[in-house]
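This report looks at the salt bridges of one structure. It covers where the partners sit and how accessible they are.

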Amino acid sequence: MRVVHEWPAPLVRMARRRREPVVVQALRSSAAATIAYVVALHLSPEAAPLTAPLTALLVVQVTLYATLTNGIRRVNSVVAGVLVAIAFSLLVGLTWWSLALLIVASLAVGHLVRVDEYVPEVAISAMLVLGVTAVGDYAWARVLETLIGAVVGLSINVLLPPPVWVGEAGESIEGLARRVRQLMLRLGEQAAGHTPFLRAAARLHEARRLDHDIVGVDAALRQAEDSLRLNPRVREGLLYRIVLRTGLDTLEIVTVVLRVLARTLTDLAKEREPEPLFREETGAVLEQLLSEVADAVVSFAVLVTTHVSENAESAEARLTAELRQAATTRDKLADLLLDDVRLDAEHWQLRGAVLTEVNRILDEMDTEHRSRRLLEELDRVSREQRERRPWLTWLRERLQLPRWTRRASRRR
């Protein structure tokens, strides 16, 4: 009998999620800290130069852009703390009241040099340096170890370019779209049948919970945007960032309107209980419309997260067809709602609000509206970059580098 050995569940999950930020961060940080310690052993006068691996551990991030910005702030914070400590050692030395002044001065200097989350590191460095007897030797040894850790941390991401997290951000956006779709389908079922007020209120709470999902997707998108900055693997990073960001903005608007729609149906259920929300024929058409809009939301997310031209064209064609079909169903629903108002004018404003909210969702996902918004955003970002970094624009023109704006204009 052959014995089959199974790996522990945590290790299996770790292997399956080897590209997750936590796993990548752990591997990169461990490698950078170890290398920084070995280098510091040969260069630093300290017997145990732990500042170097500590700096590398704090500097190395998942993306190259985050590593670079954190490395600069980390070095600035340590150097600022060392300079403050040297000044205090020459003037007053270490006493209980000088320690209090040192901390206040270090925190103030940290805000002045704009090291952001490393402001406490200024005070920590100053206290450690002031607490030793040979201030000069220890101070510059700490600066040297910090530089070693920062250089090693930067080198890890330069020599081993970090992954691009566009795929993960795309999966988050598509996951949000599918959750929106499921809620739309449930709202359609609610509109087509007899729905108690409590059940309608539960759907409203479900719509409100989508706000938390947007926060998670936004965090994944910010990480993807950072991974595209200064990444040698990506040639059109700015275009990718704008496509994903504007796509998430549209989905956020859709979720807000969907929450308003759920609120409208909840109010209608409360007012008409125990009667159904709509006539049977009207409810069936509304259910069909929400089903078609739900499919269009998923197609929109697929279009936003697709970068290959052929796949993008097919995704856009599918979205256009779905929006066209939904518009036809919307017109049919408008006629039925008008008939309902003629038969029973009570609660006409709530019924009209349903049509208005569905119209807003369709307008937000319209392909022409999205293309126009995307080009406006590209022009705005390009203009801001030219105004903020004129030297970079001058360098691009001299080197005659291909500009993403030229490619975008040709595609238009």
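Asp295 is partly exposed, with 27% of relative accessible area; the term covers values between buried (under 20%) and exposed (over 50%), computed with a 1.4 Å probe on protein chains only. The model is predicted, so local features need pLDDT of at least 70 and side-chain atom pairs count only at pLDDT 80 or more, while totals for chains, interfaces and linings use all residues. Residues are numbered from 1 along each chain as its sequence is written, and side-chain values use heavy atoms, with hydrogens and water left out.

The partner of Asp295 is Arg181, and the two side chains form a salt bridge at 2.9 Å from N to O. The bridge links distant parts of the chain, as Arg181 lies in helix α8 and Asp295 in helix α11 (residues 280-304), 114 residues apart. Arg181 is also partly exposed, at 25% relative accessible area. A salt bridge here is a side-chain nitrogen of Lys or Arg within 4 Å of a carboxyl oxygen of Asp or Glu. Helices are DSSP runs of H or I with at least four residues, numbered from the N terminus.

The structure holds nine salt bridges. Another of them joins Asp213 and Arg179, whose closest N and O atoms are 3.2 Å apart.

Glu364 pairs with Arg360, with 3.1 Å between the closest N and O atoms. Both residues are in helix α13 (residues 348-365), four residues apart, which means that about one helical turn separates them. Glu364 is buried at 10% relative accessible area, whereas Arg360 is partly exposed at 40%. Salt bridges with shared partners also join Arg186, Arg203 and Glu206 into one network.

The three pairs described above are listed here.

| Pair | Closest N to O distance |
|---|---|
| Asp213 and Arg179 | 3.2 Å |
| Glu364 and Arg360 | 3.1 Å |

What else does Glu364 contact, leaving aside neighbours within four places in sequence? Glu364 is in contact with Thr250, Ile253, His369 and Arg373, where contact means heavy atoms within 4.5 Å.

Methods: Helix = DSSP H or I, 4+ residues; strand = E, 2+ residues; numbered from the N terminus.
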